[in-house]
Amino acid sequence: MDEDLESSFPQFISFSLAYIASRHSMAGSSDNQSSWDVQSKDAKRLLAEDQYDDCTACRVTGSAAFIGLGVYSYYTGMSNLRKQEKAGLLNATKYKMGSRQLGIAAISATLVGMGIYRALN
């Protein structure tokens with residue numbers, strides 16, 4: 001039984017491709033060509049009509065993930081900076097505590113902002 005399926009599978013594929021090719025040529029060049037000729041105003045209209053709406057669970061999950069990642073990065077980043085400051089590891093670099101805190105805060109705020117944007121839009 002398995003040998004019959006294995007031998008008939010390439011025939012099925014070739015039949016399917018031939019069927020698709022015949023349907024494509026039957027559609028006619030004028031119908032097919034006109035469906036592909038889209039002007040910019042038509043493209044904008046079609047894109048406006050083709051907006052995708054997520055389900056509520058998808059929005060909640062996505063926004064919670066971004067907000068959680070932002071809070072986590074802020075908490076762990078600041079705690080690591082405090083540990084490095086106490087150990088004296090920040091003295092050897094040109095980037096001092098303020099610029100590092102600003103970088104961590106900016107990344108965290110961006111992630112939280114993305115979560116809020118995801119929840120509202």
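**The nonpolar patch and its helices**

A: Ile 67, Val 71, Ile 116 and Leu 120 form a nonpolar patch on the surface, with about 370 Å² of accessible area together. Areas come from the Shrake-Rupley method with a 1.4 Å probe, and for residues only the protein chains shown count as cover.

This is a predicted model, where local features need pLDDT of at least 70 and side-chain atom pairs pLDDT 80 or more, while totals for chains, interfaces and linings use all residues. Residues are numbered from 1 along each chain as its sequence is written, and side-chain values use heavy atoms, leaving out hydrogens and water.

Helices α4 (56–87) and α5 (97–120) each supply at least two residues of the patch; helices are DSSP runs of H or I, at least four residues, numbered from the N terminus. Ile 67 sits in α4 and is partly exposed at 32% relative accessibility (between buried, under 20%, and exposed, over 50%, with a 1.4 Å probe and protein chains only).

Now to Arg 100, which belongs to α5 and is partly exposed too, at 24%. Its side chain makes a polar contact with that of Gln 84 at 3.4 Å (N or O atoms within 3.5 Å, one able to donate a hydrogen and the other to accept it; residues adjacent in sequence count only if both atoms are side-chain atoms). Arg 100 and Gly 77 are 23 residues apart in sequence and 9.1 Å apart in space, C-alpha to C-alpha.

Definitions and conventions:
Patches are made of residues with over 30% relative accessible area and no salt bridge: like charges are joined within 9 Å, nonpolar side chains (Val, Leu, Ile, Met, Phe, Trp, Tyr) within 5 Å. A salt bridge is a side-chain nitrogen of Lys or Arg within 4 Å of a carboxyl oxygen of Asp or Glu.
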